[in-house]
Amino acid sequence: MIRAENLTKRYGDTTVVQDLSFTVHPGVVTGFLGPNGAGKSTTLRMILGLDAPTRGHATVDGRPYARHGAPLTRVGALLEARSVHPGRSAHHHLTALAHTHGIPPARVEKVLALTGLTHVARKRVKGFSLGMGQRLGIAAALLGDPATVVLDEPVNGLDPEGVLWIRTLLKSLAAEGRTVLVSSHLMSEMALTADHLVVIGKGRLLADTTVDELVRTSGGTSVKVVTPDADRLRTLLPGAGITVEAPDTLLVTGADAPEIGRTAAAHGLPLHELTPQAPSLEQAFMALTHDSVEYQGASA
Amino acid sequence: MTTPTLTRTATPADTPTVTPRLTHARVLRSEWHKLWTVRSTWITVLSAVALVLGVGILMGATYTSDGGDSDVDTVILTLYGSQLGAIALAVLGILVTAGEYATGMIRATLTAVPSRLPVLGAKAAVYAGVVLALTFLTNLTTFLTAQLFLSDSDQAASLTDDGVLGALAGNAAGITLLGVIALGLGAGLRSVPGAIGAFVGGVMILPEVLGMLPYEVMETVVRYFPTQAAGALGSATPMPGAASPGTALLALLLWAATALAVPALLLKRRDV
């Protein structure tokens, strides 16, 4: 379990992370979402003790990461930036890390096999593609068979097959009871993998919620109505929010499809289309992060 | 693509015989493994050996008695290549620390060892151990090989002669401690070119410049600077105007300790 409490990181006058508190629970995949530059990587580095928070603190299983006797068995991390000597082979890279904890060589072979790197394990990392580099980072993260896995933008540079592999991996890690925190700036990717979402923008917490809840709260659903009598229908729905998309097309919020249908029928208006529209996660995400941008602009 | 499975419950096949746990000895082993699994180590180490041995043989083979070098200390004459070898080994020291920042490896290292200080300690210990053993063996070999050519000259000497073995070992200790200073500079500056510049400028050239200043006190002070102190350690006969071997070793040890203490403090405080 990861707990961040009032995490704040400032570099001079720039505040990268502001008073961020959230908890990541085991057994589910938690998506850590925010636009580029939102402070995701900085937050993850603070959890791992690589960056010291200006204020606040982060704990893993009840204590700071650095205070654990076998840190690699607590948290396995894939960081955004490449963290490998390009002249060393994948096998030697993992072996060197394994030595720090006395992790047996068999485990090195196992994570190499798991990430599909066995056949290139003896080659120098220099020649690795972006995707292979990501796989090596994930192999390193899994090395200590950790109870918590933190992956920063793991699908970056992966081909579709690799993306699918990551999704399956994340879900199986969570199913095994591990805590899984995975960052992304791609809502669509998180929609397919994550159960829970921690959304940040400009270093502030925007939402700590489930995927379904986020959809529901971000503007709710709207109904697309196509009718030749659009103007009349508008006057018949005084309480609803109505956007005119085209002369015959309305986007209605605040009234659901049955209500609109009944109103139209009662007044004999023909409807060509009556479609409830769930906002995509993308829209929900954009709405959230857009607000944070405006808020920052206004307060500056 | 196979579906990844990662059972939390260990199967008999991969039940670890030891519980994974971070210890100083294991960090040391990790640093040892890292040192020998990159080419730059082999390149710098082999160049250092080749330079010392090559120059030593050259000095021996081309030496003529009464040719103007008769008053040069035998060990210093034999180990003329040391200065070049020391540079190669200083570069290795810098690569061991600053190299990790250049590649990003430091993030993996400090995630595995978040207490941080054991990493610097292990790097310095592994480096010092390897360089001390290596330079001492190279010095022995170089001396004995050069003596094959010098046996009939006025520079003929043997290992059992007064001060010879001590100077061969002292030279190795001097090079090792200079290298530890370079390693410390690399850890503090976190940049390979920056640390090489600082080492060449601050450790190798600066004392020479200071020594040329027309103040007598400078001459005395400069004796205890790393390169002069290392030089004093590598002479079989007492050097005029140099610190005694004991004082020189103490001075070098203090320099090396400082060169490690400063980056150690910074390592604890700085973000990676």
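Which residues of the largest nonpolar core touch the most other members?

1. The model is a predicted one, and the question above concerns its largest nonpolar core, which holds 149 residues. The residues that touch the most other members there are A:I47, A:L94, A:A139, A:L143, B:I94 and B:I181, and the element that gives the most to this core is helix α7 of chain B, residues 164-189, with 15 residues. Another core, of seven residues, lies apart from it, and among its members are A:V225, A:L250, A:V252 and A:I260.

2. A:L94 deserves a separate look, and if residues up to four places away in sequence are left out, its contacts are A:V108, A:V111, A:L112, A:A139, A:A140 and A:L143. Two of the residues in that list, A:A139 and A:L143, are also named with A:L94 among those that touch the most other members of the largest core.

3. Turning to the contact between the chains, 47 residues of chain A meet 35 residues of chain B. On the side of chain A that touches chain B, the elements giving two or more residues are α2 (71-74), α3 (90-101), α4 (105-114), α5 (130-142) and α6 (160-175) of chain A, and α3(A) supplies the largest share, with seven residues. By residue class, this side of chain A divides into 24 nonpolar, 16 polar and seven charged residues.

4. Of the contacts in chain B between residues at least 6 apart in sequence, 79% join residues that are at least 24 apart.

5. Chain A is divided into domain 1, covering 2-210, and domain 2, covering 221-277. The C-alpha centres of domain 1 and domain 2 of chain A are 47 Å apart.

6. In chain A, four strands form an open sheet with antiparallel pairing, in the order β11-β12-β10-β13. The edges are taken by β11 (241-246) and β13 (273-277) of chain A, each of which has a single partner strand, so one side of each is left without a neighbour in the sheet. From one strand to the next the twist averages 20°.

7. Within this sheet, β10 (residues 222-226) and β12 (residues 249-253) of chain A run antiparallel and are joined by four bridges; A:V226, for instance, has A:T249 in β12(A) as its bridge partner. Helix α10 of chain A, residues 257-266, packs on the sheet and touches β10, β12 and β13 of chain A, its direction making about 160° with that of β13(A).

8. Helix α1 of chain A, residues 40-47, is mostly covered, with eight of its eight residues buried. These buried residues are A:K40, A:S41, A:T42, A:T43, A:L44, A:R45, A:M46 and A:I47, and A:I47 is also listed among the residues that touch the most other members of the largest nonpolar core. Just after α1(A), A:G49 takes a positive phi of about 75°.

Note on methods:
Residues numbered from 1 in each chain as written. Chains lettered and ligands numbered in written order. Predicted model: local features only at pLDDT ≥ 70, side-chain atom pairs only at ≥ 80, totals over all residues. Core = buried A, V, L, I, M, F, W, Y, C linked by C-beta atoms within 7 Å. Buried ≥ 20, exposed ≤ 12 C-beta atoms within 10 Å, placed from the backbone. Contact = placed C-beta atoms within 7 Å. Nonpolar A, V, L, I, M, F, W, Y, C, P; charged D, E, K, R; others polar. Pairing = 2+ DSSP bridges. Axes fitted to C-alpha atoms, helices over the stretch in contact; angles between N-to-C directions. Domains from an automatic or database assignment.
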